Amino acid sequence: MLNITDLHVNVGDSQIINGLNLRIKAGETHAIMGPNGAGKSTLASTLAGRTTFDVTSGSVDFEGQNLLEMEAHERVAAGLFLGFQYPVEIPGVSNLNFMRTAMNSIRKQLGKSELSAGEFLKEVRTVAAKLDMDFDMLKRFVNVGFSGGEKKRNEMVQMAMLNPKLAILDETDSGLDIDALRIVSDGINAQRRDDTAILMITHYQRLLDYVKPDFVHVLSAGQIVKSGGPELARELEEKGYAAVA
Amino acid sequence: MMPFDFIDHYLNTASSLSGDAVARRDAVQAALKDGLPTSKHENWRYTNLKALKSNAFALTSVADQNEMVIEDGLKDVSARLVFINGHYSPEQSQFFDERAKASIRISDEYSSALAVPDKTDVITGMNAGLMQAGAVINVAENCVIDLPISIQHISEGADYGAQFIRHTITLSEGASASVIEAFTGNDKTYWTNAITNIKLCDGAQLDHVRLSEEGVNAVHTSKAFVLMDAKAKYHALTLSLGGETTRFESHVRIQGEGAVATIDGAALASLGTSHDALTHIDHTVPNAHSDQVFRTIASKRGRTSFQGKVTVAQNAQKTLADQSFRALLLDRTGEANAKPELEILADDVKCSHGATVGELDENALFYMQSRGIDPDTARQILVEAFTGDALARLSEGALKDMLVAKTQNWMRTHLTSEAI
């Protein structure tokens with residue numbers, strides 16, 4: 001599904017991703033762990049299409065398409081989703097309006113007709129109920145006045161609505177109490193299927209207790225320096241990045 | 001500087017000026033003496049009146065209306081009054097509501113009865129002297145006119161037409177109405193000089209919208225002078241979408257306790273247009289409330305300004321007066337100017353003002369794009385949310401829907417990546 005080959009990414013003059021290789025197949029759940037400054041968030045944002053990051057060499061193939069040539073919104077239509085570490089507040093734009101616009105933008109790109117208001121509401125109600133999100137939250141402005149946990153839950157609602165092939169989740173567990181962590185984990189687990197893949201990016205092992213990855217990678221200085229099974233995460237937690245990588 | 005030859009001509013040849021002829025003549029002559037304001041005049045610093053510096057200007061004349069189709073975008077109104085080139089068109093105007101019909105007459109007579117409460121200037125003086133026509137709306141005690149009174153002004157003249165329009169709105173005790181004044185026109189160079197004098201008696205309520213969709217070479221100067229008695233409510237919205245220059249002034253004198261004035265505005269400027277708002281809220285009595293929300297967008301070579309003055313007299317204790325101005329620059333060549341002025345002589349008041357100028361939030365744009373929304377749509381949604389603050393207080397309904405649609409349409413035309 002995703003094939004990253006020898007990726008180099010600069011932010012300004014400094015090279016943050018330095019020859020990264022990663023292959024993710026449908027049905028797999030991967031976790032990338034690494035210390036602060038290893039390039040975790042840069043990798044996530046680059047894959048999502050943030051233009052402030054400069055890809056200097058390498059290639060990224062997503063479902064047979066050259067991902068790096070696509071604009072951010074086109075990547076979403078192709079089936080890629082980025083869950084934000086810090087979801088953005090958008091005053092004046094309601095959650096419902098935001099999500100409906102997003103879904104219809106994607107449908108338009110795929111040559112499908114727009115969802116009617118009724119169809120959309122039905123779907124969003126179902127998804128929100130599954131993720132324990134109060135319908136009133138959906139009427140509020142996007143993430144404005146939401147707690148950390150509510151923002152992440154909102155990310156999960158958006159993910160479920162967009163139903164991506166590949167979900168990249170950037171530090172989705174940060175700032176969550178134990179109840180919120182469980183809800184978010186349920187959201188991620190619900191998205192795991194034979195035809196989808198998950199890439200979790202996290203600093204801590206905590207999330208991996210709830211969402212068991214098939215593969216764990218250690219990112220350090222812009223490269224994947226070690227890969228293994230779920231046991232690698234525990235080893236990292238116990239011994240620290242320096243000892244393992 | 002006063003290049004208007006036509007004024008001399010007009011004064012010399014007009015056999016009789018309708019209404020208070022002496023006052024009209026005096027007003028015009030005073031105006032001629034002082035000349036048009038320039039950027040050296042403090043209140044006119046930001047307003048581009050260059051287009052008016054032509055000798056070729058002449059009073060507009062009655063237009064041929066055979067081919068005209070008037071479309072105000074409002075299905076349900078209590079009355080639709082149409083002024084073409086500054087002249088009332090009985091053929092195009094319609095009354096749908098008996099109460100509205102009983103409340104409205106059309107007049108070309110200047111009356112100083114509702115004298116302007118602020119000190120006058122040249123633009124005001126010229127209007128008094130040269131006014132061609134206007135609506136006189138008198139809503140009787142406790143009479144409620146639910147649907148808007150729509151006043152459409154259309155400029156379809158030749159180059160260098162000057163139209164002077166003067167409306168008078170009086171709401172007696174407990175009366176309530178909603179008035180929208182809309183201005184559109186062709187791409188000739190013309191000037192719309194409009195004044196609306198408003199008197200709200202005790203407990204009267206008026207929603208007052210002014211919309212400029214003037215032609216690309218037009219200068220629009222419009223002023224509202226409002227007197228508010230006790231417990232009157234005045235909600236104003238000015239929306240600047242057109243004209244090379246559009247300038248909306250709102251002068252509100254609160255002279256009765258418990259009155260509430262909410263004065264909001266949005267201006268969208270691009271491609272060399274300049275949109276200005278000037279407000280003066282004068283609190284002369286205790287226990288009144290005023291609040292202002294202005295939002296402006298300046299895209300490529302667009303310029304906006306807001307000058308907001310609040311005066312609180314020494315005896316006007318317990319006054320609440322708030323003012324918020326925010327401008328969004330969508331291009332490095334855009335410009336926004338803000339000049340808040342508070343003059344507070346009472347000591348037990350709550351007054352606030354805030355002014356910010358910023359750019360679109362890149363993080364929000366990327367966030368929206370990362371949910372599948374294309375950049376043009378994302379930008380439009382953010383800009384719409386921004387201007388939405390200024391429209392928020394207008395009551396829900398067809399009028400608001402129409403104004404929102406107009407701003408969206410402006411954005412679609414001006415804010416796509418090609419246009420920026």
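# Reading strands, helices and a chain contact

Guide: Strand β12 (residues 219-228) of chain B has 10 of its 10 residues buried, so the strand is largely enclosed by the rest of the structure. A residue is buried if 20 or more other C-beta atoms, placed from the backbone, lie within 10 Å of its own, exposed if 12 or fewer, and partly exposed in between. Helices (H or I, at least four residues) and strands (E, at least two) are DSSP runs, numbered from the N terminus. The model is a predicted one, in which local features need pLDDT of at least 70 and side-chain atom pairs count only at pLDDT 80 or more, while totals for chains, interfaces and linings use all residues. Residues are numbered from 1 along each chain as its sequence is written, and chains are lettered from A and ligands numbered from 1 in the order in which they are written.

Visitor: Which residues point one way from β12(B), and which the other way?

Guide: Val219(B), Thr221(B), Lys223(B), Phe225(B) and Leu227(B) point one way. His220(B), Ser222(B), Ala224(B), Val226(B) and Met228(B) point the other way, and the residues of both groups are all buried.

Visitor: With which strands does β12(B) pair, and in what sense?

Guide: Two strands pair if DSSP finds at least two bridges between them. Strand β10 (residues 190-200) of chain B pairs with β12(B) in the parallel sense over 10 bridges, and Lys199(B) stands opposite Leu227(B). Strand β14 (residues 245-254) of chain B also pairs with β12(B) in the parallel sense over 10 bridges; here Ala224(B) stands opposite Ser250(B).

Visitor: How many residues of helix α4 (residues 122-130) of chain B are buried?

Guide: In α4(B), 9 of the 9 residues are buried, so this helix is largely enclosed by the rest of the structure. Among them are Val122(B), Ile123(B), Met126(B) and Leu130(B), together with Asn127(B) and Gly129(B).

Visitor: Turning to chain A, in what order do the strands of the open sheet stand?

Guide: The order of the 4 strands is β2-β1-β4-β5 in chain A, with antiparallel pairing. At the edges stand β2 (14-24) and β5 (65-66), each with a single partner strand, so one side of each is left without a neighbour in the sheet. Strand β1 (residues 2-11) and strand β4 (residues 54-62) of chain A pair over 7 bridges in the antiparallel sense. In this pairing Leu2(A) has Phe62(A) as its bridge partner, and Asn10(A) stands opposite Asp54(A).

Visitor: What joins β4(A) to β5(A)?

Guide: These antiparallel strands are joined by 2 bridges, and Asp61(A) has Asn66(A) as its bridge partner. The strands form a hairpin with 2 residues between them, and Glu63(A) in the turn has a positive phi of about 55°.

Visitor: Which strands does α1(A) lie across?

Guide: Helix α1(A) lies across β1, β2 and β4 of chain A and runs at about 70° to β2(A). Axes are lines fitted to C-alpha atoms, for helices over the stretch in contact, and angles run from 0 to 180 degrees between N-to-C directions. Residues 40-48 make up α1(A), which is mostly covered, as 8 of its 9 residues are buried; Leu43(A), Ala44(A) and Leu47(A) are among them. Gly49(A), with a positive phi near 105°, follows the helix.

Visitor: At what angle do helix α4 (residues 117-130) of chain A and α6(A) pack?

Guide: They pack at about 130°, with their axes 10 Å apart. That makes α4(A) oblique to α6(A), since angles under 35 degrees count as roughly parallel, over 145 as roughly antiparallel, 65 to 115 as roughly perpendicular and the rest as oblique. Glu123(A), Val124(A), Val127(A) and Ala128(A) in α4(A) meet Val157(A), Ala160(A) and Met161(A) in α6(A). By class, this contact has 6 nonpolar, no polar and 1 charged residues. Ala, Val, Leu, Ile, Met, Phe, Trp, Tyr, Cys and Pro count as nonpolar, Asp, Glu, Lys and Arg as charged, and the others, Gly among them, as polar.

Visitor: Does Ala128(A) count as buried or exposed?

Guide: Ala128(A) has 23 C-beta neighbours inside 10 Å and therefore counts as buried. Two residues are in contact if their C-beta atoms, placed from the backbone, lie within 7 Å. Leaving aside its neighbours within four places in sequence, Ala128(A) is in contact with Met133(A), Phe135(A), Leu138(A) and Val157(A). Between Ala128(A) and Val157(A) there are 6.2 Å in space, C-alpha to C-alpha, although they are 29 residues apart in sequence.

Visitor: How many residues of chain A are in contact with chain B?

Guide: In chain A, 19 residues are in contact with 16 residues of chain B. On the chain A side, α2 (72-78), β7 (90-94), α3 (95-109) and α6 (148-162) each supply at least two residues. That side has 13 nonpolar, 5 polar and 1 charged residues.
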